[in-house]
Amino acid sequence: MGRLTNGPAMNRQVSVHMAPPATNRAAERPFAGFGLGLRPDHFRTIVDTRPAVDWFEIISENFMVAGGKPLYYLDRIREEYPIAMHGVSLSIGGSDPLDAGYLGALKALADRVEPLWISDHLCWTGHGGQHLHDLYPLPYTEEAIAHVVERVQRVQDTLGQRILLENVSSYLSYRVDAMPEWEFLRAVVERADCLVLLDINNIHVSAINHGFAPGDYLDGIPPKRVWQIHLAGHTDYGDYVIDTHDQPVPAPVWDLYESTIQRLGPVSTMIERDDNIPPLDSLLEELDTARTIAARALETANGDT
Amino acid sequence: MATLEQLQRDFWAAVTQGDSALRDHVTTTPGPDPEDRIAIYANAYTARLTQALTTDYKRLAALMGDHLFADLARAYMARHPSTHPSLRYFGRSLPGFLERTRPWADEPTLAELARFEWALVEAFDAPDADPVTVDAMADVPASDWPGLTLRFHPTMQIVAVTYPVVALWRALDEHDTVEKPDPLDHPARVLVWRHGLTTRFRTMDTDEAVGLSAMTEGAPFAELCEALTEWHGPQAAARAAILLKTWIGDGLITAVGGREPPC
């Protein structure tokens with residue numbers, strides 16, 4: 001898989017001049033293949049064995065450090081693989097001001113990594129200067145859409161590229177909600193002209209926790225803006241499900257992934273494992289399962305890829 | 001109607017303080033009650049920050065046991081909530097918190113072990129720098145030696161201890177439970193640094209600790225020799241040469257200079 005180049009600053013104004021015909025820039029979804037989350041447990045094995053992974057995704061914050069092993073292995077692995085950057089602290093929906101120091105560190109890391117793309121979550125993560133280090137749901141309101149859209153545009157201006165926003169799993173909903181989550185997601189990404197990192201596990205988890213049909217979600221998202229897919233596992237607590245990322249990808253998530261690829265066509269896909277991390281070989285097997293399912297989905301798709 | 005800012009403030013208060021105002025914002029739907037749904041987030045907050053401390057202070061957690069360490073973690077996160085985008089920095093104030101706050105301050109071993117473990121965390125990802133080799137010293141003319149100054153590796157830290165913290169740390173690495181140790185006969189200093197990608201540490205002899213402290217403050221080599229006469233008399237210069245060779249071998253020195261410290 002060759003390297004993909006990031007476009008220039010892609011706000012609407014620029015894209016009018018940059019895109020050759022009058023097509024929507026979002027139509028140019030690149031396909032990077034099948035990737036894995038890069039975790040310190042696997043640094044050595046990756047450098048020593050150069051496994052058959054098309055790309056890796058890093059947690060950006062884990063590499064916002066001065067030196068030592070994290071940056072050493074990041075540079076070594078970057079020499080061999082494309083890398084996508086995935087952040088957890090942007091707090092794009094937060095009511096605190098955007099953190100200029102954080103954005104500067106993100107930009108500096110992007111300059112070092114030259115990533116496939118940069119993503120974070122459609123959520124908020126802190127309040128009053130405190131970081132809570134969790135991904136909290138936003139209310140699905142016009143006020144929140146306007147708030148997030150304005151901030152996404154400023155972040156994209158700072159980074160000089162469009163960002164991907166990931167749907168989070170959630171365990172509660174708000175009385176002020178005026179629309180379903182997928183309508184909120186669609187409104188944000190279309191108005192801000194950003195992209196989507198679709199987490200299949202999070203759709204599954206939230207569908208159970210809130211009682212919606214995953215198919216409605218898939219029907220409601222803007223297909224061409226989905227540039228990346230996350231697959232992960234979760235833990236079932238009986239009357240609710242928590243997005244723990246400590247288990248293999250389970251059957252219902254594979255099924256949902258298959259129908260996602262049938263609808264969207266090829267999308268860069270990766271497996272996200274954050275806890276109870278197994279040897280790399282077992283993640284490589286899971287990644288082969290993703291390849292097999294994606295290939296099957298494309299064969300059975302309606303030829304609209 | 002609740003504004004975004006109000007809703008987030010109430011959510012924050014629910015997660016960090018168990019405040020109940022968020023309840024009025026949350027929909028009642030089939031499945032768990034709103035209270036239980038909020039509790040998922042509140043429990044996750046405490047668990048996640050406790051886990052971050054357990055990772056950075058693994059031996060302290062082992063020494064205290066899960067229950068007492070969890071109590072400490074809750075008290076700490078209430079007093080020192082995370083203010084950095086990365087959890088990597090959340091635990092930075094724990095040694096000071098243990099020193100200042102009872103009941104933990106009554107057991108100085110806890111703060112000392114914590115300070116040592118945090119030095120290891122800092123050494124892990126502090127800036128890189130290339131150490132000098134012994135060959136670099138061969139170029140120094142004999143007349144320049146008295147005025148020689150040193151620059152040390154940016155990962156280097158010196159941790160003052162009154163308990164056998166390094167021995168305790170090693171014991172906790174090998175055994176599930178360890179007796180709390182008696183104080184040392186004399187205070188000591190532990191050197192922590194990163195050599196290449198490997199974090200290293202050792203307890204220094206008193207003469208080395210005094211000499212190293214002087215050199216980190218920019219003292220020239222002649223002053224190192226002078227300081228060492230207290231322990232070594234006429235052999236002080238020989239001991240200074242041995243220490244310098246040790247520091248170079250350990251990858252602790254990144255530059256040598258003249259009267260003014262190298263920069």
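Predicted model: local features only at pLDDT ≥ 70, side-chain atom pairs only at ≥ 80, totals over all residues.
## The barrel in chain A

How many strands does the closed barrel of chain A have, and in what order do they run? There are eight, going 1-2-3-4-7-8-9-12 with parallel pairing, where two strands pair if DSSP finds at least two bridges between them. Helices (H or I, at least four residues) and strands (E, at least two) are DSSP runs, numbered from the N terminus. From one strand to the next, the twist averages 30°.

Residues are numbered from 1 along each chain as its sequence is written, chains are lettered from A and ligands numbered from 1 in the order in which they are written, and side-chain values use heavy atoms, with hydrogens and water left out.

## Around the barrel

Zooming in on one pair, strand 2 (residues 55-59) and strand 3 (residues 83-86) of chain A run parallel over four bridges. Here A:I59 of chain A stands opposite A:H86 in strand 3. Helix 5 (residues 142-159) of chain A lies across strand 4 (118-121) and strand 7 (163-166), at about 140° to strand 7. Helix 9 of chain A lies across strand 1 (34-37), strand 8 (195-199), strand 9 (226-231) and strand 12 (268-271), at about 170° to strand 9.

For context, most residues other than glycine have a negative phi, and most peptide bonds are trans.

## Helix 9 against helix 10 in chain A

Helix 9 (residues 251-264) of chain A also meets helix 10 (residues 280-300) of chain A: their axes come within 8 Å and cross at roughly 45°. That makes the two helices of chain A oblique to each other; the scheme is under 35 degrees for roughly parallel, over 145 for roughly antiparallel, 65 to 115 for roughly perpendicular, and oblique for the rest. Helix 9 of chain A passes helix 10 of chain A in a right-handed crossing, with the label going to a near helix turned clockwise from the far one by less than a right angle, and left-handed to anticlockwise.

Helix 9 of chain A brings A:W254, A:Y257, A:E258, A:I261 and A:Q262, while the helix 10 side includes A:E286, A:I293 and A:L298. By class, this contact has eight nonpolar, three polar and three charged residues. Ala, Val, Leu, Ile, Met, Phe, Trp, Tyr, Cys and Pro count as nonpolar, Asp, Glu, Lys and Arg as charged, and the others, Gly among them, as polar.

## The open sheet in chain B

Chain B has an open, antiparallel sheet of three strands in the order 2-3-4. Strand 2 (157-161) and strand 4 (198-204) of chain B sit at the edges with a single partner strand each, so one side of each has no neighbour in the sheet. The twist averages 25° from one strand to the next. Strand 2 of chain B joins strand 3 (residues 188-195) of chain B through five bridges, and B:V159 has B:V190 as its bridge partner.

Helix 6 (residues 108-125) of chain B lies across strands 2, 3 and 4 of chain B, at about 20° to strand 3.

## Helix pairs in chain B

Helix 9 (residues 206-216) of chain B also lies across strands 2, 3 and 4 of chain B, at about 115° to strand 4. Its packing with helix 10 (residues 221-232) of chain B has an angle of about 160° and axes 9 Å apart, and the two are therefore roughly antiparallel.

Helix 1 (residues 4-17) and helix 2 (residues 34-56) of chain B pack at about 60°, axes 8 Å apart, in a right-handed crossing. Residues in the contact include B:F11 of helix 1 and B:Y41 of helix 2, and the classes come to seven nonpolar, one polar and no charged.

## Where the chains meet

The interface takes 43 residues from chain B and 45 from chain A. Together the chains bury about 3,800 Å², 63% of it on carbon and sulfur atoms; buried area is the accessible area (1.4 Å probe) that two parts lose on being put together, summed over both. On the chain B side, B:L4, B:Y41 and B:P85 lose the most area to chain A, together 19% of what that side buries.

How values were computed:
Axes fitted to C-alpha atoms, helices over the stretch in contact; angles between N-to-C directions. Contact = heavy atoms within 4.5 Å.
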